[in-house]
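Good morning, everyone. Please look at the sequence and the structure as they come up.

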Amino acid sequence: MKSRIIAFGLIVMLLTGCTDSGEAAVTVDDFSGVYAFVSKSEGNAYNDRMAQGFQEVIEEVGGNCVICSPEEAIAEAQIEILQDLISQGVDSIAVAANDEDALNSVLLEAMEEGICVSTVDSDVNASARQVFVNQADTGEVARTLMEAVYEITGGSGQWAILSASSQATNQNAWIRAMRSVMEEETYQDLRLVDIVYGNDETEASKEKTEELLENYPDLKVICVPTTMGLAAAAEVLAGQESTDVKIIGLGLPSTMSTYVRGDEAVCPYFYLWNPIELGRMSAYVSLALKEGTITGAEGEIFGAGDMGSFQIQANEDEATEVVVAPLIRFDAENIGEWETLF
Ligand code: RAM
């Protein structure tokens, strides 16, 4: 699988084999190390915004940043990139995982080599990384989306989910948590008829949306917890001659502004966090791991620049994480304030 690596500064030398891990002499408060960020896939503006935030922080403190993005959102492509990064001897790796299990052995190898390993946006097994930078509380994301499904359907009827890839840890965690919210009495008249996967690709997501419309004529809502999927589904619905189907989900204001405005808006409102801040937090965590301020254990506290002080928590599965921020709700009223930012 071909992968694309965007290199900065010193990394150019690393990629051409001009230096190795033994030369990266880093002492406390010395951020001259090499900090890698591996996104889920290229061509996704959300991933680019995260990478932007990561790079800003690393470069602010004088570190060297390398951003890697596979062509497709699949684990195999990330494994290849991770193996490259290990052999180049980077100091730190932050990865948004395309699979909960498949990256484990390569990440364990990285940690055995002394590389600091964290996940961001989408986790792996807790034993294969030091800490997860979680964009928002998983239960809160699930409940917020379920409440939106409830409100838009009027509390009963058919709804479906358009997800990213079927292996993505974050997507599956949100869907699992939504299923458990659905068991509550309030949601008994709602019927989840299908879950389809558009792989965070525009064309595939559009096709899956069209299939849902065709297969379920009584569908009321499609819940789309992926930025690529939400924009694609919005485009399909906006192109329909007449449809009562609405979408809700997690989206980028920059891609959704035309779809939340007006009486006929296909997406009355949607949610996200700030992906640039998420990338910035991932960088602060990478720096704190490298500096030795934290190891990834529950209760540890670290400084995240102007974002403040954060504490590592353990989630209900005992996996450690840093929860970055509450969700932001976007609608016709406030989207103008956000659409130029991300
Ligand atoms: C997509 C990706 C990402 C997810 C966002 C909401 O861009 O699937 O992992 O967190 O949407």
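Let's start with Asp123 and Arg129, which form a salt bridge, with 2.8 Å between the closest N and O atoms. By salt bridge I mean a side-chain nitrogen of Lys or Arg within 4 Å of a carboxyl oxygen of Asp or Glu. Are Asp123 and Arg129 buried or exposed? Both are buried. Buried means under 20% relative accessible area, exposed means over 50%, and partly exposed is in between (1.4 Å probe, protein chains only).

A word on the source. This is a predicted model, where local features need pLDDT of at least 70 and side-chain atom pairs count only at pLDDT 80 or more, while totals for chains, interfaces and linings use all residues. Residues are numbered from 1 along each chain as its sequence is written, and side-chain values use heavy atoms, with hydrogens and water left out.

How many salt bridges does the structure hold? Nine. Take Glu60 and Arg280 next. Their closest N and O atoms are 3.4 Å apart in a salt bridge. This pair links distant parts of the chain, 220 residues apart. Glu60 is in helix H2 (residues 45-60), and Arg280 is in helix H10 (residues 275-291). Helices here are DSSP runs (H or I, at least four residues), strands are DSSP runs too (E, at least two), and both are numbered from the N terminus.

Glu60 counts as exposed because its relative accessibility is 53%. Arg280 has a relative accessible area of 8%, so Arg280 is buried.

Now Glu339 and Arg261. Their side chains meet in a salt bridge, 3.4 Å from N to O. Glu339 is partly exposed, at 24% relative accessible area. Arg261 is also partly exposed, at 38%. Back to Arg280 for a moment: salt bridges that share partners join Glu56, Glu60 and Arg280 into one network.

**A charged patch**

Next, the surface. A patch of negative charge gathers there, including Glu100, Asp101, Asp137 and Glu140. Glu298, Glu316, Asp317 and Glu318 are also among its members. Patch residues have over 30% relative accessible area and no salt bridge; like charges are joined within 9 Å, and nonpolar side chains (Val, Leu, Ile, Met, Phe, Trp, Tyr) within 5 Å. Where is Glu140? In helix H5 (residues 138-153). Glu140 is partly exposed, because its relative accessible area is 31%.

Ser165 is in the loop between strand S7 (157-163) and helix H6 (169-182). Ser165 counts as buried, since its relative accessibility is 9%. A polar atom of the Ser165 side chain lies 3.2 Å from the backbone nitrogen of Ala168.

Glu109 is in helix H4 (residues 104-112). At 36% relative accessible area, Glu109 is partly exposed. Gln83 is 26 residues from Glu109 along the chain, and their C-alpha atoms are 8.9 Å apart.

Last one. Cys65 is in strand S3 (residues 64-70). Cys65 has 1% relative accessibility, so Cys65 counts as buried. Its C-alpha atom is 30 Å from that of Ala231, which is 166 residues away along the chain.

Note on methods. Areas by Shrake-Rupley, 256 points an atom, 1.4 Å probe, with all protein chains shown as cover. Lys, Arg positive; Asp, Glu negative; His and termini not counted. Charge placed at Lys NZ, Arg CZ, Asp CG, Glu CD. Polar contact = N/O pair within 3.5 Å; in protein donor to acceptor, adjacent residues only side chain to side chain.
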